[in-house]
Amino acid sequence: MSVLETSKLLDEELYSRQLCVLDLPAMQRIQRAKVLLSGLQGLGAEVAKNLVLMGVGSLTLHDPHPTCWSDLAAQFFLSEKDLKRSRAEASQEPVAKLNGAVQVCVHTGDITEELLLDFQVVVLTASKLEEQLKVGALCHKLGICFLVADTRGLVGQLFSDFGEDFTVQDPIEADPLTAAIQHISQGSPGILTLRKEADARYFRDGDLVTFSGIEGMVELNGCDPRPIHVQEDGTLEIGNTAIFSRYLRGGAVTEVKKSEIVSHKPLDVALLQPRVVAQNPQEAYRARCLHQAFRALHQFQHLNGRLPKPWDPDDAEMVVGLARSLEPLKGTEGGPLEELLDEALVQTVALSSAGGLSPMAAMLGAVAAQEVLKAISRKFMPLDQWLYFDALDCLPEDGKLLPTPEDCAPRCCRYDGQIAVFGAGFQEMLGQQHYLVVGAGAIGCELLKGFALVGLGAGASGGVTVADMDHIERSNLSRQFLFRTQDVGRPKAEVAAEATHRLNADLQVTPLTYPLDPTTEHIYGDNFFSRVDGVAAALDSFQARHYVAARCTHYLKPLLEAGTQGTSGHAFVFMPHVTEAYRAPASGLASEDATYPVCTLRHFPSTVEHTLQWARDEFEGLFCLSAEIINRHHQELTSLAETDGPQELTLLEEVLGVLRERPQTWQDCVVWALGHWQRRFHYGIMQLLSCFPPDKVLEDGTLFWSGPKQCPEPLEFDASQDTHLLYVLAAANLYARMHGLPGSWDQTALRELLKLLPLPVPQPLAPSFPNDLDLAGASAEFGPERLKKLHQVLEVWSGSPPLKPLKFEKDNDSNFHMDFVAAAASLRAQNYGIPPVNRTQSKRIVGQIIPAIATTTAAVAGLVGLELYKVVGGPRPLSAFRHNYLHLAENRFNRWVPCAPAIQKLHHLTWTWTCWNRLKVPAGQPEKTLELLLAHLHEQFGLRVKMLLHGKALLYSARWSPKKQAQHLALRVTELVQQVTGQMPKPGQQVLVLELSCEGEEDDTTFPPLHYELCDKTAALSPGSTEPCIPSPQ
């Protein structure tokens, strides 16, 4: 099967981000899988949503119980109109609408052995222990993967049983290591030397590897996996190569991932001998106590026919007593565990266990859905075997502030499940909030869904604003829960606002389609932020996060921030004066701005990223810029001599190629594509080597082709090779579209046509290299004769319609854009002996695609929701908040208390400050002059200002001449700003932000910003001021 045909078996446009996490074989297994999901409360709804978005083959829903008010706090497929209807039947239609390719059925009877035989995975949520034991035993006997998931208030439980002999084919998420080969010796053992840019430290002793693309020692290509030994000098021992051919050049060594066998115990055994997921002994002990709490809750429900009442001390005490009387748990060796039960923990679990919370359902539902994918795809290690997750830190630390049974009693409203945990008074506080959500992508959609369910801003004075400038693309639909096929092309913010309002009609959501960046501070300014209680950021770049965080610091607003990459994700909380402020990692900011030198891309590539950027530039030049230049030349009747530089003229020669006339047929386009193949991958390399032969030596005696400079070799065209054919097919189709001609998908016909076409003769090539140092910037000289020939050819084209410039679109798999780039980069990699990557990896790198999957997105949104409870709930100490990191593929779940803001101090000052503080000085009436402002800062704060800036504009410097200082000191501050910057304060602007440099400061000192208040505000800081950030001098 050809490369092109293989890629069409899956809807790559829809699942492009998910394919970067999984892979094609895993996705194909997922599309064939059948899953049974029993229990459609909030947790079950989350599992169903994630599985359908990710494209599982079929999902059968089972839950005959009627919808009740408490379900609506977390079950987003149901609403008030569904009360008393079967949860499964009411949920079927909205679940099915998430993905038309997934079959969604409902089973209304009991779960029997005969029913189970039709499924690969069975998931039970919100089920009784008796049913769990019955179904679990059947699944274990039948070899069906079995999961149990449950949440009780702020505590969640997940159990996995994949059988006693389950093979995980791909245990870790990371791509296999691949490195370019410098040399391989003949011997026993053979010694493999990596290129200098490769890092042998990532290979480990015992790793299995295979080889590809080697010239000479071809016996290694595609060989069975070989174990390696990493030597101290970084070389690799690869076994006996003594009888193999001599190594010539090129090739790559690639890690072969090892499969692992997992053995799980059935539920009845695992109940008494639990293996828990934990990062340390303290977490393991807490997990076992929670395990006993869940067992006791099951017993309570069995004895009383109900769960404990919300915050009922008698019911809670009964649960503690049941937990105390349980049979002791066994350790891994089978003996009883000698450890005390944390009865206070069990009591807290029991008191809050009656509620159902959207954030908890989102978190546990995401992990459960990921476990289903692990079972189906055999990719990533499953849980071993119990996971307990608790967010009891959301409750007030002060016991006097805990809710009462009366405050948590049911109200017959959509928030009953949440009121059962936090009380009606807290629900009112949530409704009065006004939050800004920045970003309506995958995480933003999940946040909005969660906010609608918890009732954030759903009160009369509350609301939510969502800001996003992007439009919906089809690739968004596999993760961005609020969007449907009919929404493609519409603004994300508008569609998300409409969908969120449908989830909760009491919530007013305002969409804004402007970016939140320095260009829109007249929109997102002082007045806007004065009405905002907090910000939730769901952004995909460090620059954007950094800017939004700076706005939150400026306006002293809480920031909830989340991000994902593949199956890893984070959720952070930043509280003014309590936690540290957000800081974007320097490496992240730098990587987003990284560019490659032109000479590296054109002549000295050494990594696959270089080849892909070169191929992307090829696309832009051949099929977009060239068309624009030719169209402009015809429209303006300009002379070629007036064209901007030799690079544009070279580009015109390349797009004309071997054709002397404008193409009229498909065959003409094939002829051009074949000619350009020869130009790029054969003749161009030959010319480079004629200027710089493989044995060229520099003046210092070193070889020119050494270090990162890899000596290339020309390729010989061979239509039987898929990459060669794909390049010509893609290039010819793009060339045809640019000229308004029909193309062709027929690879067989193309191969036959190429057999009949002679290889084009060499064409004049643009680069000429006067010397080594000028290699990168060298361009051909366009003399009069060469210009005349080029002009004559263009004149022939001038009578035809304008060309169509092609704008690169990575997500349309039928437009040949990515096919061209992937094939061109692969051929370029072959020229230089660089290990290539597949089409999916190429798309990820070229499109700067962040690998994404619905499960991780839902999990981090749930974690944000938990921190939201603390932010809204009133003043909390630092110990209440949690930063969160998870890695679903590796079963890592880390939560930790954020750092406090760093305190800064100067030795001669009596006050301290942090990043959240600012110096507030009112402008006064009449407004202060600069001289009075500086005097005020000295008198009130003890600061002698050396330099004062507004943005990048210097308003004052102590190093200026007395005359210049006097000119500035006499001006009102706003007059000075206008004189220096040419700008007046914006309408509605409340403060001018000024930056200080003062005497006595040290290198690492960062003074708080000076907020020069333009409207009547609190008086300047003075002894006794209640301003929390800057104690006044004594």
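Reply: A helix axis is taken here as a line fitted to C-alpha atoms over the stretch in contact, and the angle between two axes is the one between their N-to-C directions. The model itself is predicted. With that in mind, consider helix H4, which covers residues 42–53, and helix H12, which covers residues 358–377: their axes come within 8 Å and cross at roughly 45°. Because angles under 35 degrees count as roughly parallel and 65 to 115 as roughly perpendicular, this value makes H4 oblique to H12. The crossing in which H4 passes H12 is right-handed.

The residues that meet can be followed from each side in turn. H4 brings Gly42, Leu43, Glu46, Val47, Asn50 and Leu51 to the contact, while H12 answers with Ala361, Ala362, Leu364, Gly365, Ala366, Ala368, Ala369, Val372 and Leu373. Sorted by class, the contact of H4 with H12 has 11 nonpolar, three polar and one charged residues.

Helix H15, residues 442–454, and helix H16, residues 492–503, pack at an angle of about 30°, with their axes 9 Å apart, which makes H15 roughly parallel to H16. The crossing of these two helices is right-handed. Leu448, Lys449 and Ala452 of H15 make the contact with Ala496, Thr500 and Leu503 of H16, and by class that amounts to four nonpolar, one polar and one charged residues.

Helix H27, residues 817–832, can be described on its own. Its 16 residues reach 23 Å from the first C-alpha to the last, close to the 22 Å expected at 1.5 Å a residue, and 15 of them are buried. After H27 comes Gly833, whose phi is positive, near 65°.

Two lysines show what can be found in the loops. Lys128 sits between strand S4 (121–125) and helix H7 (129–142), and Lys128 is exposed, with a relative accessible area of 51%. Leaving aside neighbours within four places in sequence, Lys128 is in contact with His298 and Gln301; the C-alpha atom of Gln301, 173 residues away along the chain, is separated from that of Lys128 by 8.4 Å. Lys905, in turn, lies in the loop between strand S24 (892–896) and strand S25 (919–922), where a relative accessible area of 46% makes Lys905 partly exposed. With neighbours within four places again set aside, Lys905 is in contact with Trp911, Thr912 and Trp913.

As for the whole, the protein chain has 32 helices and 29 strands, and 55% of its 1034 residues count as buried. Among contacts in the chain with a separation of 6 or more, residues 24 or more positions apart account for 73%.

Methods: Residues are numbered from 1 along each chain as its sequence is written. This is a predicted model: local features need pLDDT of at least 70, side-chain atom pairs count only at pLDDT 80 or more; totals for chains, interfaces and linings use all residues. Side-chain values use heavy atoms; hydrogens and water are left out. Axes are lines fitted to C-alpha atoms, for helices over the stretch in contact, and angles run from 0 to 180 degrees between N-to-C directions. Helices (H or I, at least four residues) and strands (E, at least two) are DSSP runs, numbered from the N terminus. Angles under 35 degrees count as roughly parallel, over 145 as roughly antiparallel, 65 to 115 as roughly perpendicular and the rest as oblique. A crossing is left-handed if the near helix is turned anticlockwise from the far one by less than a right angle, and right-handed if clockwise. Contact means heavy atoms within 4.5 Å. Ala, Val, Leu, Ile, Met, Phe, Trp, Tyr, Cys and Pro count as nonpolar, Asp, Glu, Lys and Arg as charged, and the others, Gly among them, as polar. The expected span of a helix is 1.5 Å times one less than its number of residues. Buried means under 20% relative accessible area, exposed over 50%, partly exposed in between (1.4 Å probe, protein chains only).
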